[in-house]
Amino acid sequence: MEYYFNRESSLYDLYFYDNIYTIRYSSKMLDLKQYLTKEHIDLYSAVVNSESYTYNGRLIGLPVSIDYAVLYSNTKYLEKYKKDIPKTWNELLETGKFIQEEEKVKRNNTDLIIYNGLFPLDEVGTCSIVESIHSYRDTPESPFPELTSQNAIDALEMMKTIKNEISSDGEYRSLTFPFVKLIDGEALFLKFCYLKKTSINPIYKISALPGKVKGVSSSATGGYNLGINKYSRKEKREQVIKAYTYLTSKEMQRKLVNNFRIISGISSLYDDSEEICKEDKDLCDLYKNLQPITRPISKTKDYTSYSDKLRDTIYQFLYGNKSAYEVLKIVDDITRIYYVTMDSSINLIITTTYIIISLMLLISLACLKFRKFKLYLDFLSNDFWVLFIIGIILIISISYLDLLKANTLICHLKLMFQSIGFTLMTVPILHKLIINFPESNKISQWIKNKKYLFLLTFIVVDVMLNSIIIFHQYNIKTLINKNEKNFQICRKNTTISSVQYILLIIHMLVILFSLFLTFLEWNIETTYYDIRFYISAVLIDAIIAVIYAILKTVNITNYTVYFSIRECIFMLFAISSYILMYGIKIIWALINKNNSTANFMRQVKDTSHTQNTSTSIYDRYAIVSNDSSSTEKVIGKIMKYHIQKSVKSESKLENQVTYGSNFNNGPSNSFGDVSSYHTSSNVSNVGSNYIGSTNVLL
């Protein structure tokens, strides 16, 4: 079938398929609800809502025949020892032990099989596992027990007890000998799929499988469905629908039930008024007592692999030495998606931790109100420091969102927090660097006066780009790991990826332009340390980003490792930025008891002068003639800004041009005085004729 589906072939219009593949083929079949009448679909109302036939609200196929496992009880031995057909597993065990003692021990009847279990090494074994656990419900209305529940543990332990006491590994594993025993009559109890009476020894009575308590039973749904190929030619669609309607009609199903004693999905065929119930009352009674259970075909996209893992794991208990809880926990982990639930103790601890960290960051803003700290925190205005801290908190919040159950909303929030948080952390610094440009200019002045509009522009861009993708769905990818915890991650579609790349480019441009400005303002005395702290923060963040990019290429499938790495990366990114841009200055203020402005600035100046002992490289660009190339002029201007120590007004620059020309005895230029003075090791060597900026350059 997959061969034809993959080629979108119209060769076949109808397909018969095993009902465990309903989900696999769902995208290749027509939704029957769109083509069949409601009256026709309602014929199968007893089964049609099962995942064996319907997926994501689409009716994929209708059952042609259904297979159920049943219990065959040997009336010869039961009547001989005056025992009833067991209704519970305990009754089956006790009756089996009693007759085994009488027949095999006392009468040496070694040919008699007490019970076969039906746990072979194929899909039938999976059915038996599902039936066993489902049969341990407390009431018929109870849902399927949780895999790690006591009901599930008791179910497996009962199956193993029955095997050890009245059966054997070989009898449990065999798939062929039950049919032989159904013919020769040498078995007390047999579990096998339903067969019509004429195919088996008449001494067997057919009934529903036992359960934990009377009235509870279970039978896994097997059988074959009929679906319509969605690639069938449209011009013949009407004829295809007509043929399908006939093949699944009540008349056709009645013929199959009467002639072959199949079990149909049309429950009304087993009403007492039907001919089949008059001929075979036992079949109708059986049908009414069956309690079907669908195999877990929707647990994963690859049910076959899941079934193999489930069966192999459970058998480590049934035929091995592992405990029932141990194997059930492993099976549960095969499909369980791990995340931190809102009401869990772990969530409480993590939430408390993040709240404490966030409160500590917010409380540290109180330092802005004290002059002792304000002297060290004048790089940004108070309101921009507040926004900077909020940006850090948003970045930290991403690591918290990582721990919650992945869905489209959470994925959107993570991207929004990341983009807006990064904007709040970087744009205030960019604003400061622009208004701190070494040469007074209209752009810097405008941005200084319109700082909120400047910041709002970037935030609006973030919000607009995030709004574009708000109605786009993320692909929630489930990482299935053998013997490890499964978890889900956000996977972006093309549109979301494009928006994320645009946001990344914008943020990278902000960083690159900020770095360029830090080079130009490298020696500005009032921001001397701030710029170096900023460079340190960018360097650390760049290292973290590189590590993160490298780890993204590694296929990390361990739940704990994956999220621990992400938690550490986002936390390190945020906390390192906080410490280098804000926290270290608070510590500096606390350590430096004599923190007057004069002492602080003197430390800055003394440190800056130690950089002036090797500046010959600047002299190369310090004198630029009118004959210099455009590139040399640009480089020269950049280097002039780089060594400049204060923001110059236009009048001061004019004075420096005059002095610089005389001092260097060369052509008139705009920065000779700055470069020459910068290379001087002694301020007094400049001379008394220096024009008016001595206080700035000291």
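**Entry 1: Trp385**

I looked up the burial of Trp385 in this predicted model and found a relative accessible area of 0%, so Trp385 is buried. I then asked which helix holds Trp385 and Phe388. Both residues lie in helix H17, which spans residues 382–402. They stand three residues apart there, about one turn of the helix. Phe388 has 2% relative accessibility and therefore also counts as buried.

Trp385 and Tyr582 form an edge-to-face aromatic pair, with 5.0 Å from centre to centre and 70 degrees between the planes. I noted that this pair links distant parts of the chain, since Trp385 belongs to helix H17 and Tyr582 to helix H23 (residues 559–591), 197 residues apart. Both Trp385 and Tyr582 are buried.

**Entry 2: aromatic pairs overall**

How many aromatic pairs does a search of the whole structure find? I recorded 29. One of them joins Trp385 and Phe388: this pair is edge-to-face, at 5.7 Å centre to centre and 85 degrees between the planes. I also recorded one aromatic cluster formed by Tyr3, Tyr4, Phe5, Tyr12, Tyr15, Tyr17, Tyr21 and Tyr25.

**Entry 3: charges over rings**

I looked for charged groups placed over aromatic rings. The charged end of Lys451 sits over the ring of Phe384, 5.0 Å from the centre of that ring. Arg532 lies over the face of Tyr528, and I noted 3.5 Å to the ring centre.

**Entry 4: Lys451 and Asp383**

I returned to Lys451 to examine its charged partner. The side chains of Lys451 and Asp383 meet in a salt bridge, at 3.0 Å from N to O. Lys451 lies in helix H20 (residues 451–468) and Asp383 in helix H17, so the pair ties together parts that are 68 residues apart in sequence. Is Lys451 buried or exposed? Lys451 counts as buried, because its relative accessibility is 17%. Asp383, at 24% relative accessibility, counts as partly exposed.

**Entry 5: further salt bridges**

I noted that the structure holds 30 salt bridges. Among them is the one between Lys585 and Asp530, whose closest N and O atoms are 2.2 Å apart. This pair links distant parts of the chain: Lys585 is in helix H23 and Asp530 in helix H22 (residues 528–552), 55 residues apart. Both Lys585 and Asp530 are buried. I also found a network in which salt bridges with shared partners join Lys197, Lys205, Arg261, Glu279, Asp280 and Asp282.

Lys106 forms a salt bridge with Glu102, and their closest N and O atoms are 2.9 Å apart. Both residues lie in helix H4 (residues 89–106), four residues apart, about one turn of the helix. What is the relative accessible area of Lys106? I recorded 55%, so Lys106 is exposed. Glu102, in contrast, counts as buried, at 13% relative accessibility.

**Entry 6: Thr408**

Finally, I looked up Thr408, which is found in helix H18 (residues 408–435). Its relative accessibility is 14%, so Thr408 counts as buried. Which residues does Thr408 contact, leaving aside its neighbours within four places in sequence? I listed His472, Gln473, Tyr474 and Ile476.

Notes
Residues are numbered from 1 along each chain as its sequence is written. This is a predicted model: local features need pLDDT of at least 70, side-chain atom pairs count only at pLDDT 80 or more; totals for chains, interfaces and linings use all residues. Side-chain values use heavy atoms; hydrogens and water are left out. Rings of Phe, Tyr and Trp (its six-membered ring) pair if their centres lie within 6.5 Å; planes under 30 degrees apart count as stacked, over 60 as edge-to-face and the rest as tilted. Helices (H or I, at least four residues) and strands (E, at least two) are DSSP runs, numbered from the N terminus. Buried means under 20% relative accessible area, exposed over 50%, partly exposed in between (1.4 Å probe, protein chains only). A charge sits over a ring if NZ of Lys or CZ of Arg is within 6 Å of the ring centre and within 35 degrees of the ring normal. Contact means heavy atoms within 4.5 Å. A salt bridge is a side-chain nitrogen of Lys or Arg within 4 Å of a carboxyl oxygen of Asp or Glu.
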